[in-house]
Amino acid sequence: MSKKIIVYLGLSILEDEAKTILDADYRPPVKRGDILKAISEKPDVIGIIDGAFHHTPAVAHKEIMKALDKGITVVGGSSMGALRASELDDLGMIGIGYVYKAYRSGQITSDDDVALSFDPVRNVPISEALVNVDYKLDLAVKEGIITEDERDYIHDVAKEIYYPKRSYQNIFSKVEMEDKKKTKLIDFVLKEKDIKYLDAIEVLEYIKNLE
């Protein structure tokens, strides 16, 4: 008998692609009250990837704890899932991926690091999550494109921009850097996959492989 799996996602990975990895009941980004409704449907597994942050109350810790108490496996990563897993893994929530580990270690501390704004009509991001920016800047340092000091400088520029307006275009318009180096960095950053996307895939693969 196949497991009943509910997964909340939105912008980290598109539902059509998620369906090619895991057969599940996909729902929009989780918000306050959604997990309580899901519990009544008696799922075996709940996956939390994306969640609402600022425009509606975020999913409550108590909801997730209630699901865990009912014996439901709750897996989180990538975005809101990573944040909640870092807070509730001691109680049994399973955290997956880079962003979860960054929250768990205290490398990142704010929900602002994974927040972004989106076009509700086309359901596409119109800003960039700081965790994605930082991940790609770290890769650029490893590739020798920028120095650690330059990474820290660009991070500070990005952090100062209010999250709905934090796009690569806005960030790099404020960054003062030699043109050739900046162009190479922009090309590199736009080519690399977002860490929230890669973590979302890891969450889905983990759930798929649960016994």
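## Second pocket

The lining of the second largest pocket divides into six nonpolar, four polar and five charged residues. Here Ala, Val, Leu, Ile, Met, Phe, Trp, Tyr, Cys and Pro count as nonpolar, Asp, Glu, Lys and Arg as charged, and the others, Gly among them, as polar. The model is predicted: local features need pLDDT of at least 70 and side-chain atom pairs count only at pLDDT 80 or more, while totals for chains, interfaces and linings use all residues. Residues are numbered from 1 along each chain as its sequence is written, and side-chain values use heavy atoms, without hydrogens and water.

The second largest pocket holds about 280 Å³ of space. Its lining has 15 residues, and Leu11, Ser12, Pro125, Asp194 and Tyr197 are the closest to its centre. A pocket is an open set of points on a 1 Å grid over the protein atoms alone, where a 1.4 Å probe fits, with protein on both sides within 12 Å along at least five of seven lines; lining residues have an atom within 4 Å of a point. Volume is the space filled by probe spheres set on the points, with grid points joined across faces, edges and corners.

## Largest pocket

About 350 Å³ of space lies in the largest pocket. It has 18 lining residues, and Gly51, Ala52, Phe53, Leu116 and Phe118 are the closest to its centre. By class, the lining comprises nine nonpolar, six polar and three charged residues.

## Nonpolar cores

The largest nonpolar core has 53 residues. Such a core is a set of buried Ala, Val, Leu, Ile, Met, Phe, Trp, Tyr and Cys residues joined through side-chain atoms within 4.5 Å. Buried means under 20% relative accessible area, exposed over 50%, and partly exposed in between (1.4 Å probe, protein chains only). Ile35, Ile48, Ile146, Ile171 and Leu185 touch the most other members. Helix 6 (residues 130-142) gives the most to this core, with eight residues. Helices (H or I, at least four residues) and strands (E, at least two) are DSSP runs, numbered from the N terminus.

A second, separate core has 19 residues, including Leu22, Ile201, Val203 and Ile207.

## Two positive phi angles

Most residues other than glycine have a negative phi. Lys42 is not a glycine, yet its phi is positive, about 55°. It lies in the loop between helix 2 (34-39) and strand 3 (45-48). Lys42 is exposed, at 68% relative accessible area.

Ser78 also is not a glycine and has a positive phi, about 80°. Its loop runs between strand 4 (73-77) and helix 4 (80-88). Ser78 is buried, at 0% relative accessibility.

## Salt bridges

The structure holds 15 salt bridges. Each is a side-chain nitrogen of Lys or Arg within 4 Å of a carboxyl oxygen of Asp or Glu. Lys4, Asp25, Arg27 and Glu41 are linked in a network of them.

Lys159 pairs with Asp113, with the closest N and O atoms 3.4 Å apart. Lys159 lies in helix 7 (residues 148-160) and Asp113 in the loop between helix 5 and strand 6 (118-119), so the pair ties together parts 46 residues apart in sequence. Lys159 is partly exposed, at 36%, whereas Asp113 is buried, at 5%. Lys181 forms a salt bridge with Glu150, at 3.0 Å between the closest N and O atoms. This pair links helix 9 (residues 179-191), which holds Lys181, to helix 7, which holds Glu150, 31 residues apart.
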